[in-house]
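Dear colleague,

Please find below the structure that I am handing over to you, with its sequence. My notes on what was found in it follow directly after.

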Amino acid sequence: MAMKNADYLLKNAALLTLDEQYHTYEPGALAIAGDSILAVGPEQQIAEQYRANETIDCAGKVLMPGLVNAHTHVPMTLLRGLADDLRLDVWLMGFIMPVERQFVSPEFVRLGTQIACLELIRTGVTCFADMYYFEEHVARAAAEIGLRAVCAQSILKFPTPDAQFFEESLAAAHEFIEKWKGHPLIVPSIGPHAVYTCTDEILQATVELALKFDVPLQIHIAETALEEENSRSEYGMPVVPYLKKLQLFDAKVLAAHCVHIDEGEMNTLLHYQAGVAHNPSSNLKLASGFAPVSKMLDIGLNVGIGTDGPASNNDLDMFEEIRLAALLAKNVSNDPTALPARTALSMATRLGANALHIGDITGTLEPGKRADLILVEMTGLHASPRFRRDPNGLYAQLVYTGKSNDVRDVMVNGRWLMRDRQIIGQDENELLRQADEYARQIDAFLIRREKSVLSKLIAIGGTVEEESFEVQAKVRVQDPKPVLEALEKPGLEILRTRHYHEFDTYFLFADPEMGTLRYREDEFITADGQASQARYRLTLIGAAREHHFRSDVLLSRSRYLAPATYSMRFYREYFKPFDEVSIEKDRQRWRVIFRGTEFYINLDRLDHPNLGYFLEVKSRTWSRRDAEHKANVAEELLEFLSASQGERVTKDYLDLARPPHSYV
Ligand SMILES: [Zn+2]
């Protein structure tokens, strides 16, 4: 038989194909021509058939498919270590997104991707699935370095670093996909971020685009219990059926996380051949829960393994993820035989490639597939000795003792990217210097922001900035009856009456110049005494009184008022107040015209702490002269309400309610 030509012949290897039958050869050999694998098999058989330009002796090494990182956001290498040990919403909305809005640009994305690619190569990854902004620049940097990637342009309903409106990012995605479709290394894709960050309209538009170009669609699904709860209360069903209703699964879906899904949802994913990306480190670090990985594999889903973004993980080390996936699955199912090493490794190779919908070209060492492979050294101290009795021993050795720096050589698409731990043609130090420069600028930005509560408020999207000046007088009232009777008298025109139950939480800061932040939950009380329509508002109260008129009428200023869009827990964790005071009160409120001036009259009963009744009269004002005038009318109004003789109070409820120790 005539010898056939190959570019490379890799021989004398412990060869794991990780194909469906888990063929192994030792000594094994593999022949490569151009970008593809020509043949795989026992060394003797392959060596007899192929003559290669270069023959490589792989003694002491495992030859296996390159690892597939099934879910990440690679440019976030530049945000690694920015903020840690926080809850997902505080981390994302409080730190990552504000910094991204300020710093993420095509240059940022390019640098972050370059650094990520070098880390991926060093740790044996030949292919990754990515979702980020300016995704074309991820694709470009990855292609230049030579890695394979499925790159999704992210789409969100909020303004993002690359789009003020989602239509812009959708248009960018369209152009990106059209331009990159058919590239030898890059599969363009689209990434509606998640059900809670997109609208139905966005989700449907992305499906349309994915179908039009037959490209994968990447999305986060059921990452947290909260997402699942919200989906049930908002749509009356869990996330997967809801997305099914929107026909999302008509596209080739890669679903990241799937932590909180049940068997019915798994079957839906299977029915539509959706891939799943399991992210053990990210789920553990953010305490998102435990994905039902063994069950998903049992029913036949293609479950890959991902690192998630390096800002949440915080690295791109797939060896660590594979080991964690195996260990977690055992504990979740209370069964040490669950998810054996061999299966774990197949998740990081064949199943991962299938999940990315590119299983036809990569993920295993089989003839016809692209030459995406790695050589892993098995002679280190931690990898010794080697038992050869059980062929599965090699899988266990890789998963339980293998380290990412055992990876010596990496080839993608028939081209060497790393030989003998030397990455070819890249200047690591220069990239790291540039990354440090970004870190310095981001630190400075955050230090500036942390100096004021107002700038922290604005950073989380509180765009309603409003200063309001008020003339106010407050009187302690023994009995509310005379006031209620006075309100009936002629001379006062009542425009509106309201009744509320108010729960106020004041956040106090060590530096009084920061002001005080009040989180108010208002329950509207109907005429028949029922509570309805809770409202949540946030007010930043300035540090000092503006002015003090004669007879204790005050001019005060509140610097900011906005609907509270996050939970109180979020604000507490984000602002980290030095102290908190809670006040609960019953408030009857009238908007009135008195002597030609508009006033608010509040008749308050402080229930917690129990401080009795107070009467407040307030009027908005904009100038000193107007304030002077309104202070006089306020005095008259108090007299009209039979309250001018009561004890005048110049303190806020906060100061009245505050325990004495807070004064120090
Ligand atoms: Zn993610």
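This is a predicted model: local features need pLDDT of at least 70, side-chain atom pairs count only at pLDDT 80 or more; totals for chains, interfaces and linings use all residues.

Pro609 belongs to the loop between β25 (597-608) and β26 (612-621).

Asp85 is not a glycine, yet its phi is positive, near 60 degrees. Asp85 sits in the loop between β6 and α2 (88-103). Is Asp85 buried or exposed? With a relative accessible area of 75%, Asp85 is exposed. Asn413 likewise has a positive phi, of about 55 degrees, without being a glycine. Asn413 is found in the loop between β15 (407-412) and β16. Its relative accessible area is 17%, so Asn413 counts as buried.

The chain as a whole

The protein chain contains 21 helices and 27 strands. Of its 664 residues, 56% are buried. Along the principal axes, its C-alpha atoms fill a box of roughly 115 × 50 × 50 Å.

The zinc site

Which residues hold the protein donors of the zinc ion? They are His71 (NE2), His73 (NE2), His220 (NE2) and Asp308 (OD), at 2.1 to 2.4 Å from the ion. Along the chain these donors follow the spacing H-x1-H-x146-H-x87-D. Two of these residues link distant parts of the chain: His71 is in strand β6 (residues 67-72) and His220 is in strand β10 (residues 216-221), 149 residues apart. His71 and His220 are both buried. The angles among the 4 donor atoms run from 84 to 171 degrees, and the site is irregular.

Helix α12 covers residues 318-332. Its 15 residues, at 1.5 Å a residue, should span 21 Å, and its end C-alpha atoms lie 20 Å apart, so the two values agree. Buried residues in α12 include Met318, Phe319, Ile322, Ala325, Ala326 and Ala329. In general, an α-helix has 3.6 residues a turn, so residues three or four places apart point the same way.

Asp317 lies in the loop between β13 (303-305) and α12. At the start of α12, a side-chain oxygen of Asp317 comes to within 2.9 Å of the backbone nitrogen of Phe319. The relative accessibility of Asp317 is 14%; because the limit for buried is under 20%, Asp317 counts as buried. The C-alpha atom of Asp317 is 6.7 Å from that of Ser404, although the two residues are 87 residues apart along the chain. Just after α12, Asn334 has a positive phi of about 55 degrees.

Aromatic rings

A pair of aromatic rings is described by the distance of the centres and the angle of the planes. The count in this model comes to 20 aromatic pairs. One of them is formed by Tyr8 and Trp416, which are edge-to-face, with 5.9 Å from centre to centre and 80 degrees between the planes. Why does this pair tie together parts that are 408 residues apart in sequence? The reason is that Tyr8 lies in strand β1 (residues 4-16), whereas Trp416 lies in strand β16 (residues 415-419). Tyr8 is buried at 17% relative accessibility, and Trp416 is buried at 8%.

Another pair consists of Phe594 and Phe640: the ring centres are 5.2 Å apart and the planes are at 55 degrees, so this pair is tilted. Phe594 is in strand β24 (residues 579-594) and Phe640 is in helix α20 (residues 624-640), so the pair joins parts that are 46 residues apart in sequence. Phe594 and Phe640 are both buried. Ring pairs also link a cluster made up of Phe95, Tyr519, Tyr536, Tyr566, Phe570, Tyr571, Tyr574 and Phe575.

Charged side chains also lie over rings. Arg350 is over the face of Tyr22, at 5.8 Å from the ring centre. Lys474 is over the face of Tyr653, at 3.8 Å from the ring centre.

Yours sincerely

Conventions
Residues are numbered from 1 along each chain as its sequence is written. Side-chain values use heavy atoms; hydrogens and water are left out. Rings of Phe, Tyr and Trp (its six-membered ring) pair if their centres lie within 6.5 Å; planes under 30 degrees apart count as stacked, over 60 as edge-to-face and the rest as tilted. Helices (H or I, at least four residues) and strands (E, at least two) are DSSP runs, numbered from the N terminus. Buried means under 20% relative accessible area, exposed over 50%, partly exposed in between (1.4 Å probe, protein chains only). A charge sits over a ring if NZ of Lys or CZ of Arg is within 6 Å of the ring centre and within 35 degrees of the ring normal. The expected span of a helix is 1.5 Å times one less than its number of residues. A polar contact is a pair of N or O atoms within 3.5 Å; within protein, one must be able to donate a hydrogen and the other to accept it, and residues adjacent in sequence count only if both atoms are side-chain atoms. Donors are N, O and S atoms within 2.8 Å of the metal (3.2 Å for Na, K and Ca); water is not among the atoms, so sites may look incomplete. Four donors count as tetrahedral if all angles lie between 85 and 135 degrees; four count as square planar and six as octahedral if opposite donors are over 155 degrees apart and all others between 65 and 115; anything else is irregular.
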